[in-house]
Amino acid sequence: RQTTALTVADALYEAGIVLFLPDQVAPAPTDRITANMEIVIDRSSELTIRADGQEFKTRVRAQTIGDALLESGIALNGLDYSIPSATQPITEGITIRVIRVTEEIVTQQTPIAYESVLQADANLDLDRRAVIQAGQQGIWQQNYRVRYENGVEIRRELTEEFMAQAPMNEVVAYGTRITVRTIETPDGVLEYWRKFRMYATSYYPAELGGDNITSIGETLRKGIVAINPRIIPYRLNVYVFGYGVGRTADTGGPRTTPYWIDLGYSDEDFVGWSRWVDVYVLTPIPETVNYLLPLNENGGPIPP
């Protein structure tokens with residue numbers, strides 16, 4: 001091809017050949033044209049890079065993906081990788097995605113419940129409780145290695161788990177000291193060794209369809225009371241103001257609270273009851289005492 005251009009660049013311009021910055025031209029564009037000169041153009045490759053939240057087009061002379069990223073000023077650090085991989089060759093128009101990878105150790109702690117341990121205390125009054133050691137939750141710790149790619153969690157791997165803190169049991173003392181006390185009543189001075197706050201109702205044979213035989217085979221009449229035998233055993237005497245002395249000889253049906261007393265009557269002398277009362281358990285003290293009674297509706301023991 002003939003030309004009147006003075007330099008290689010002028011000759012290429014005259015021929016309508018566009019050069020891109022990464023293209024390599026030999027001889028150099030600034031060299032002067034000489035007779036029979038051969039101009040060789042080593043074209044760069046066009047590609048698209050998506051990295052760090054951006055996308056841009058560029059041209060490189062690199063032969064591999066990794067070199068193309070370096071040529072474009074983008075480094076793969078640590079666990080970072082590219083798609084296609086850094087060793088793959090460049091093809092015209094390729095799109096390269098850069099994946100930024102980070103990892104961290106994430107700690108997860110789960111509480112371990114403590115237990116309540118009951119301990120008899122002869123220096124504490126019957127039906128009293130006291131916390132002598134506060135409970136403390138334990139901690140179960142799990143460590144995870146978490147991998148993020150471009151800020152998104154893609155994997156969570158448990159690396160270790162262990163008890164970071166052992167639970168400490170709560171220790172609750174319950175009283176076993178029994179004190180005999182006296183109370184003045186319309187029936188005279190009576191000795192008692194236990195006292196409950198209970199809900200009182202009343203019953204009589206006609207209400208039971210004529211059945212007048214109690215759970216332990218006694219005849220239902222005034223002076224017979226029905227009660228939860230876990231609270232007050234059978235064959236003990238109790239006192240209720242307004243009723244008098246009653247013998248625990250029967251048990252009732254399901255109740256909303258275990259602290260319930262049903263005052264017995266005959267059909268002829270029935271009196272209706274429906275209120276909270278104090279129930280005094282009279283002496284003598286039985287050979288076997290249940291020191292651990294069911295808790296009340298508030299989760300605590302019934303105070304004496």
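**Salt bridges, a sheet, cores and rings**

Arg 147 and Glu 149 are both buried (buried is under 20% relative accessible area, exposed over 50%, partly exposed in between, with a 1.4 Å probe and protein chains only). Their side chains meet in a salt bridge, at 3.2 Å from N to O (a side-chain nitrogen of Lys or Arg within 4 Å of a carboxyl oxygen of Asp or Glu). Through salt bridges with shared partners, Glu 103, Arg 145, Arg 147 and Glu 149 are joined into one network.

The model is predicted, and local features need pLDDT of at least 70, side-chain atom pairs count only at pLDDT 80 or more, and totals for chains, interfaces and linings use all residues. Residues are numbered from 1 along each chain as its sequence is written, and side-chain values use heavy atoms, with hydrogens and water left out.

Side chains of opposite charge can pair when their charged atoms come close. In this structure there are 14 salt bridges. One of them joins the side chains of Asp 23 and Arg 43, at 2.7 Å from N to O. The two residues are 20 apart and link distant parts of the chain: Asp 23 is in the loop between helix H1 (8–14) and strand E1 (24–26), and Arg 43 in the loop between strand E2 (40–42) and E3. Helices (H or I, at least four residues) and strands (E, at least two) are DSSP runs, numbered from the N terminus. Asp 23 is buried, with a relative accessible area of 10%, while Arg 43 is partly exposed, at 39%.

Another salt bridge is formed by Asp 80 and Arg 100, whose closest N and O atoms are 2.9 Å apart. Asp 80 lies in the loop between helix H2 (65–71) and E5, and Arg 100 in the loop between strand E6 (94–99) and strand E7 (101–112), so this pair ties together parts 20 residues apart in sequence. Asp 80 and Arg 100 are both buried.

E5 and E6 also belong to an open sheet of four strands, in the order E4-E3-E6-E5, with mixed pairing (two strands pair if DSSP finds at least two bridges between them). Which strands are at the edges? They are E4 (54–60) and E5 (81–83), each of which pairs on one side only. Strand E3 (residues 45–51) pairs with E4 in the antiparallel sense over seven bridges. Within this pairing, Ser 45 has Val 60 in E4 as its bridge partner.

The next topic is the nonpolar cores (sets of buried Ala, Val, Leu, Ile, Met, Phe, Trp, Tyr and Cys residues joined through side-chain atoms within 4.5 Å). The largest has 23 residues, and Met 198, Ile 232, Ile 261 and Leu 263 have the most contacts inside it. Strands E14 (188–203), E15 (224–227), E16 (237–240), E18 (260–264) and E19 (274–282) each give two or more residues to this core. E14 supplies the largest share, four residues. A second, separate core has 13 residues, including Ile 49, Ala 51, Leu 69 and Ile 90.

Aromatic rings come last. Rings of Phe, Tyr and Trp (its six-membered ring) pair if their centres lie within 6.5 Å; planes under 30 degrees apart count as stacked, over 60 as edge-to-face and the rest as tilted. By this rule there are ten aromatic pairs. Among them is the edge-to-face pair of Tyr 243 and Tyr 265, at 5.4 Å centre to centre and 85° between the planes.
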